[in-house]
Structures are given as C-alpha cells and as structure tokens.
Amino acid sequence: MTARALLAAAGTVLLATSVSALGRTASNKELEARADELESRLATIERASANLVPMQQQIESARSELRTLRGQIEEARHELESLRRQQRDLYADLDRRLLLLENGAVPVNADGAVPASEDQIRAEDETAVYGDAFAALKVGRYEDAVLGFQLYLAKYPEGPRADNATYWLGEAHYVQKDYTSALKSFQGVLEKFPDSAKAGDALLKVGFSQYELKAYRNARTTLEKVVASYPGTEADRLARERLARMDVERR
C-alpha cells in the first residue's frame, strides 16, 4: 500500500472516530437535558406533595369544626325539645296545684303564690347552669364554657346531662389546644358514662388528643378501636382519615 493510501485510510478512521465522539457528546447532552428536566419535574412534585399535608390538615380541621357545629345544632334541638317537655310538665303541674288549691289542699305563700317544690327548683337550676355553659360554647366563649361545664359537673355529677357536659367540656379544652385537659374529659365520658350517646365521639377525640400530644402509638390504637367499635359512623370515617394521614406521616 502506498503512503498516500495509508494516509487516506488513517484519515477515514480518524473521521469516523470523531463523528462517533460527536454523536456520543450530543447524546450525553440530550440525556443531561432530560435528566435536568426530570429533576425539575420531581422537585415540583415534591413541593406539591409537601403542600398536601397542611392542606389535608386544614380540610380535617374544617371537617372537625363542621362536626362540632352539627353536634351543637343537634344539642340545641335536644335542649329545645327538653325545654318544651319541661314547659308542658310545668303547665300540667300548675294545673294540678291550682286544682288542689281550689280544694284547699295546698298551702300558699303570703302573696298567694304556690311554693315551688325542691325538686322543681333543682331541675330549673340544673337546666339553667347547663344552658348557660352550652350557650357560651356556641358563641365561642370557650373559657366561660369551661367554667360553666365545670360548675355543672360540680353541682350535678349524676345529672341528666352530666355525660354531655363532660364531653363538651373536653371540646372546649380541645379548641383552645389544651389537649391534656381535653384528653382527661373525653376519657371521663368513657369511664363514667360508657353507654352515653357521646361515647363514640369521645373515643375519637381521645385518639385526636393523643395525636396532638404526640403519643402516636396510643393514638393509633385508639383510632383503630373507633373503627372496630363504631363501623359506618362519622367517628369511624374520621378515624380512618386520621389513620391514613398517620400512614403518610409514618407515625
């Protein structure tokens, strides 16, 4: 082979090698560009995911407030019906007293009024004390509500509304982020009034309070108990939501 032919062959090889290198360089640049693009997209997804937790917390907080409002409406309806029954009973008692008075069988005060019985006075006071505390809770006067429900439970620990008073005392503490006191009140519902209609909600709030106190293992156990004990209820749904949130948070 001549020197010219060798030189030509070497040039061909060098050119092919250069083209191949340029191809690899272009390919690497494309890969780097794709990698940068994917990294940017991943960062965007991570930022969006980071925002999901506080958003979920806000949604759950709003749902909790809605549940409280619905509970207050239910409670107000119950109170209204209770007051109506008391009013009917009062009128019936008044009619009875007037009938006895006409027959001279009932003593009267100096002003001619029929003296109220001790039971009647107690019942009216019990209703008034509870009503004042509940009214304070409804308008957001939570410290007054705490004092009111504490007064009720001190005067009427076995009263007809003692279970509700204990539960709403816990709620008044909870909305003020006094989770230790709230936990004590909610546990009090379960210990003293296990058959109360508020038992399921109280158990749920025990779990929520434990979560806020960072007792995550206890919170999970409690919420799982809500799911097992009250299937198909609002408490069950909220417990499942909190458990799912804890799974995401790895708690």
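Predicted model: local features only at pLDDT ≥ 70, side-chain atom pairs only at ≥ 80, totals over all residues.
Local features require pLDDT of at least 70 and side-chain atom pairs pLDDT 80 or more, while totals for chains, interfaces and linings use all residues. Residues are numbered from 1 along each chain as its sequence is written, and side-chain values use heavy atoms, with hydrogens and water left out.

Helices are DSSP runs (H or I, at least four residues) numbered from the N terminus. Two packed helices are described by the angle between their axes and the distance between the axes. Axes here are lines fitted to C-alpha atoms over the stretch in contact, with angles from 0 to 180 degrees between N-to-C directions. Angles under 35 degrees count as roughly parallel, over 145 as roughly antiparallel, 65 to 115 as roughly perpendicular and the rest as oblique.

Helix 5 (residues 179-192) and helix 6 have axes that come within 8 Å and cross at roughly 150 degrees. The two are therefore roughly antiparallel. Their crossing is left-handed (the near helix is turned anticlockwise from the far one by less than a right angle). Contact means heavy atoms within 4.5 Å. Helix 5 contributes Tyr179, Ala182, Leu183, Phe186, Gln187, Val189 and Leu190, and helix 6 contributes Ala199, Ala202, Leu203, Lys205, Val206, Ser209, Gln210 and Glu212. By class, these are 10 nonpolar, three polar and two charged residues. Ala, Val, Leu, Ile, Met, Phe, Trp, Tyr, Cys and Pro count as nonpolar, Asp, Glu, Lys and Arg as charged, and the others, Gly among them, as polar.

Helix 6 also meets helix 7 (residues 216-229), with axes within 8 Å and a crossing angle of roughly 160 degrees. That makes helix 6 roughly antiparallel to helix 7. The crossing is left-handed. From helix 6, the contact includes Leu203, Leu204 and Phe208; from helix 7, it includes Tyr216, Ala219 and Leu223. Nine nonpolar, four polar and one charged residues make up this contact.

Helix 4 (residues 162-175) packs on helix 6 at about 25 degrees, with the axes 11 Å apart. These helices are therefore roughly parallel, and their crossing is left-handed. Tyr167, Glu171 and Tyr174 of helix 4 touch a set in helix 6 made up of Asp201, Ala202, Lys205, Phe208, Ser209 and Glu212. The contact holds four nonpolar, one polar and four charged residues.

Ser209 lies in helix 6 (residues 199-212). Its relative accessibility is 0%, so Ser209 counts as buried (under 20% relative accessible area; exposed is over 50%, partly exposed in between; 1.4 Å probe, protein chains only). Leaving aside neighbours within four places in sequence, Ser209 contacts Tyr174, Tyr179, Ala182, Leu183 and Phe186.

Most residues other than glycine have a negative phi. Lys214 has a positive phi, near 65 degrees. Lys214 sits in the loop between helix 6 and helix 7 and is exposed at 61% relative accessibility. Arg250 also has a positive phi, near 60 degrees. Arg250 falls in the segment after helix 8 and is exposed, with a relative accessible area of 80%.

Asp247 is placed in helix 8 (residues 234-249). Its side chain makes a polar contact with the side chain of Arg220 at 3.0 Å. A polar contact is a pair of N or O atoms within 3.5 Å; within protein, one must be able to donate a hydrogen and the other to accept it, and residues adjacent in sequence count only if both atoms are side-chain atoms. Asp247 and Arg220 are 27 residues apart in sequence and 9.9 Å apart in space, C-alpha to C-alpha.
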